[in-house]
Amino acid sequence: MGDSMPQRFLDANNTHDGGVSVADLFTLDGTLEDVAAGVVCEGREAILAFMAQSEQASNDMRMTMLSELVNGDQFAIEWEVAGTNTGAFGDLPATNKPYRFRGVSIGRLDADGKIK
């Protein structure tokens with residue numbers, strides 16, 4: 001895994017370990033909001049559940065960094081994700097078709113370097 005928070009975030013998403021690596025980047029009461037999915041996950045258990053569901057929907061998902069910015073306790077990542085929709089996501093059934101889209105993740109870190 002890389003040294004910067006943006007690289008650690010992408011590496012954790014690409015691990016496919018049921019969300020454990022992603023959840024480990026957050027404080028215990030941290031918040032992960034996925035605006036596109038309309039989901040707000042507050043706390044480790046909610047983050048784990050959402051990441052596990054995401055991995056189930058696409059078991060070959062791969063995030064690639066396009067750009068990153070780190071400034072003090074803040075970071076931003078422009079990324080692209082690609083994969084195959086191999087499983088259901090909420091009420092949406094699997095299509096077994098490839099997908100690709102771009103997105104941005106932003107965050108703030110606590111004194112220990114965990115995402116708030």
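# Pocket, core and hairpins

Guide: About 1,100 Å³ of space lies in the largest pocket. The model is a predicted one, in which local features need pLDDT of at least 70 and side-chain atom pairs count only at pLDDT 80 or more, whereas totals for chains, interfaces and linings use all residues. Residues are numbered from 1 along each chain as its sequence is written, and side-chain values use heavy atoms, with hydrogens and water left out.

Visitor: What makes a space a pocket, and how is its volume defined?

Guide: On a 1 Å grid over the protein atoms alone, a pocket is an open set of points where a 1.4 Å probe fits, with protein on both sides within 12 Å along at least five of seven lines. Grid points are joined across faces, edges and corners, and the volume is the space filled by probe spheres set on the points.

Visitor: Which residues lie nearest the centre of the largest pocket, and what makes a residue part of a lining?

Guide: A lining residue has an atom within 4 Å of a point. The lining of the largest pocket has 35 residues, and D34, F50, S54, W79 and F101 lie nearest the centre. Strand β5 (98-108) gives the most to this lining, with eight residues, while α1, β1 (31-34), α3 and β4 each supply at least two. The helices (H or I, at least four residues) and strands (E, at least two) are DSSP runs, numbered from the N terminus.

Visitor: How many residues of each class are in the lining of the largest pocket?

Guide: There are 22 nonpolar, nine polar and four charged residues, where Ala, Val, Leu, Ile, Met, Phe, Trp, Tyr, Cys and Pro count as nonpolar, Asp, Glu, Lys and Arg as charged, and the others, Gly among them, as polar.

Visitor: What makes a set of residues a nonpolar core, and which members of the largest one touch the most others?

Guide: A nonpolar core is a set of buried Ala, Val, Leu, Ile, Met, Phe, Trp, Tyr and Cys residues joined through side-chain atoms within 4.5 Å. The largest such core has 22 residues, of which L32, I47 and I115 touch the most other members. At least two residues of this core come from each of α1 (5-13), α2 (20-23), α3 (44-57) and β4 (74-84). Beyond four places in sequence, the residues that L32 touches include V22, F26, I47 and F50.

Visitor: How do you know that β3 and β4 pair, and how many bridges join them?

Guide: Two strands pair if DSSP finds at least two bridges between them. Nine bridges join β3 to β4 in the antiparallel sense, and S67 has E78 in β4 as its bridge partner. In this hairpin, with two residues between the strands, G72 takes a positive phi near 60 degrees. β1 and β2 (residues 39-42) are also antiparallel, over four bridges, and their hairpin has four residues between the strands, with G38 in the turn at a positive phi of about 70 degrees.

Visitor: Why is H16 called partly exposed, and where is this residue?

Guide: H16 is in the loop between α1 and α2, and its relative accessible area of 29% lies in the middle range, so H16 is partly exposed. H16 has a positive phi of about 60 degrees although it is not a glycine.

Methods:
Buried < 20%, exposed > 50% of the residue type's maximum accessible area, 1.4 Å probe, protein only. Contact = heavy atoms within 4.5 Å.
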